[in-house]
Each structure stands twice: as C-alpha cells, then as structure tokens.
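Subject: Model handover and notes

Hello,

Please find the model below. My notes on it follow directly after.

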Amino acid sequence: MSPPSDDERRRRERRARERSRRGHPVGRELPGAVVPPVVARLGEVVRAGTHLDVLLEVSALLDEVERDGPELDSRWLVSALVEHENVVTTTALAILARLLGDEILQARVRRELRLREDPVPGWLTDLDRFVHLSGRTDRTMMMELSEPLALRPIAHLHARLDPTDGRVLDGRVVPSGPLSSWPDCGPLLRWAVRVAPTVAPT
C-alpha cells in the first residue's frame with residue numbers, strides 16, 4: 001500500500017481533531033462496538049437492498065423521527081449516524097444531505113462527509129440529477145427517478161400538492177412496497193419536488 005498523500009494526511013488529522021472535540025475516541029468505529037438499532041436496521045438494507053430500498057429506508061427513518069419528537073428528531077438521527085463511522089452510516093448521511101429540509105443540519109452532514117474515510121457511494125454523488133419531471137399540474141407532480149444512461153427508471157414518484165403553496169400533501173412511490181406509501185416516502189417526495197426540473201420534456 002502506498003503511503004498517504006499530504007492531502008490525505010491533513011484530512012485524517014482534521015477528522016481526528018473533529019472527533020476529539022466531540023469527546024469521542026479518535027478513529028473509526030471499533031470492532032465489536034455496540035451498534036444502535038437504527039444503524040443495524042440501515043445496515044441490512046444497504047447490504048442487501050436496491051438503491052430504491054436504501055432511499056426509502058432513509059426516508060422512512062427521517063419521517064419517523066420527525067413525527068415522533070421531541071425526544072427523537074432529525075438532529076438525533078444525524079447524531080446517531082455521526083457517532084458510528086462506517087460505510088452504512090456514510091451512505092445514510094449522503095442521502096440525508098439531500099432529504100433534510102434544515103439547511104443548518106444539512107451543512108453539518110456535509111461537513112461530516114468531507115471528514116470521513118469511507119467515500120460516498122458513486123451513485124449518490126449527484127443524486128439530484130436522478131429526478132426527471134414527467135408531468136405536472138397545480139395539484140400533482142409525476143417524476144421518474146433514474147440513473148444516468150439507465151435503460152429503465154428506478155421508480156416513479158407521484159406527489160399531490162397544495163395548489164396554494166406547492167407543499168407536498170401526500171403521494172406514493174412505484175414500485176410499491178412497505179415504505180413506498182405516505183407518509184414513509186414523504187421526505188423522498190419533498191426532496192424530489194424541490195429538485196425536479198420546472199418543465200417536463202416534450
């Protein structure tokens with residue numbers, strides 16, 4: 001293995017300082033460390049699921065904590081993922097960086113990702129470009145979620161909007177599954193509506 005570059009050494013030093021400020025041991029999660037249920041739950045989906053499964057799982061977790069407050073909220077979820085540094089939590093944080101509506105919390109997540117040793121999975125590096133508008137009225141938006149050059153979409157997203165302010169009132173994701181109906185898919189749909197092109201292709 002080649003020695004780390006100067007940039008890599010500086011990045012690791014920044015990571016060590018950041019973790020030290022939080023009062024945690026420097027370095028990655030130790031083998032055998034107790035993994036909280038939320039991380040274990042995500043781990044199963046990241047290892048065995050499709051891209052859509054992972055997106056829906058993170059969306060459902062975010063919806064769950066935002067509705068269950070005040071003890072559990074989106075800040076708690078981010079903290080739980082930051083505390084355990086591994087490929088699973090890096091993947092989840094990269095998705096949360098898009099789905100979160102709180103800009104301050106988004107900035108915290110992006111800062112954490114820059115300090116991580118595990119790279120963000122390639123399919124998540126430009127996730128906003130996966131969203132393609134296929135139809136829109138003042139009350140509905142229909143979108144496709146597809147990877148560049150893919151032969152078929154990952155999913156079809158259907159959102160019902162408030163005609164006065166454009167808020168997402170409910171919706172669903174096709175193909176359907178346990179997490180693809182409202183409100184579990186709510187964070188995913190709200191993100192898609194935010195980043196979708198304003199005009200559908202002709």
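Pro183 sits in the loop between β4 and α7. Helices (H or I, at least four residues) and strands (E, at least two) are DSSP runs, numbered from the N terminus. A cis peptide bond joins Trp182 and Pro183, with omega about 5°. Pro175 also lies in the loop between β4 and α7. Val174 and Pro175 are joined by a cis peptide bond as well, with omega about 10°.

The ground rules come next. This is a predicted model, in which local features need pLDDT of at least 70 and side-chain atom pairs count only at pLDDT 80 or more, while totals for chains, interfaces and linings use all residues. Residues are numbered from 1 along each chain as its sequence is written, and side-chain values use heavy atoms, with hydrogens and water left out.

Overall fold

The chain has 7 helices and 4 strands. Along the sequence they follow the pattern α-α-α-α-α-α-β-β-β-β-α. Of the 202 residues, 42% count as buried. Here buried means under 20% relative accessible area, exposed means over 50%, and partly exposed is in between (1.4 Å probe, protein chains only). Contacts are heavy atoms within 4.5 Å. Of the contacts with a separation of 6 or more, 53% are between residues 24 or more positions apart.

Helix α7

The buried residues are Gly186, Pro187, Leu188, Leu189, Trp191, Ala192 and Val193. They pack against α3, α5, β1 (131–136), β2, β3 and β4 (168–174).

Leu189 is in α7 and is buried, at 0% relative accessible area. Leaving out residues up to four places away in sequence, Leu189 touches Leu157, His158, Val168, Gly171, Arg172, Val173 and Trp182. Its C-alpha atom is 9.4 Å from that of Met143, 46 residues apart along the chain.

Arg190 is also in α7. It is partly exposed, at 30% relative accessibility. With residues up to four places away again set aside, Arg190 touches Glu66, Val168 and Trp182.

Axes are lines fitted to C-alpha atoms, for helices over the stretch in contact, and angles run from 0 to 180 degrees between N-to-C directions. Angles under 35 degrees count as roughly parallel, over 145 as roughly antiparallel, 65 to 115 as roughly perpendicular and the rest as oblique.

α3 and α7 pack at about 105°, with their axes 7 Å apart. The two are therefore roughly perpendicular. In α3, the residues in this contact are Leu55, Leu56, Ser59, Leu62, Asp63 and Glu66; in α7, they are Gly186, Pro187, Leu188 and Arg190. By class, there are 5 nonpolar, 2 polar and 3 charged residues. Ala, Val, Leu, Ile, Met, Phe, Trp, Tyr, Cys and Pro count as nonpolar, Asp, Glu, Lys and Arg as charged, and the others, Gly among them, as polar.

α3 (residues 51–68) also packs with α5 (residues 87–99): their axes come within 10 Å and cross at roughly 65°. That makes α3 roughly perpendicular to α5. Val54, Leu55, Val58, Ser59 and Leu62 in α3 meet Thr91, Ala92, Ile95, Leu96 and Leu99 in α5. This contact has 8 nonpolar, 2 polar and no charged residues.

The β2–β3 loop

Ser146 is in the loop between β2 (140–145) and β3 (155–161). It is buried, at 11% relative accessible area. Its side chain makes a polar contact of 3.3 Å with that of His132. A polar contact is a pair of N or O atoms within 3.5 Å; within protein, one must be able to donate a hydrogen and the other to accept it, and residues adjacent in sequence count only if both atoms are side-chain atoms. Beyond its neighbours within four places in sequence, Ser146 contacts Arg129, Phe130, His132, Arg152, Pro153 and Ile154.

Leu149 is in the loop between β2 and β3 too. Leu149 is exposed, at 88% relative accessibility. It has a positive phi of about 70°, although it is not a glycine.

Best regards
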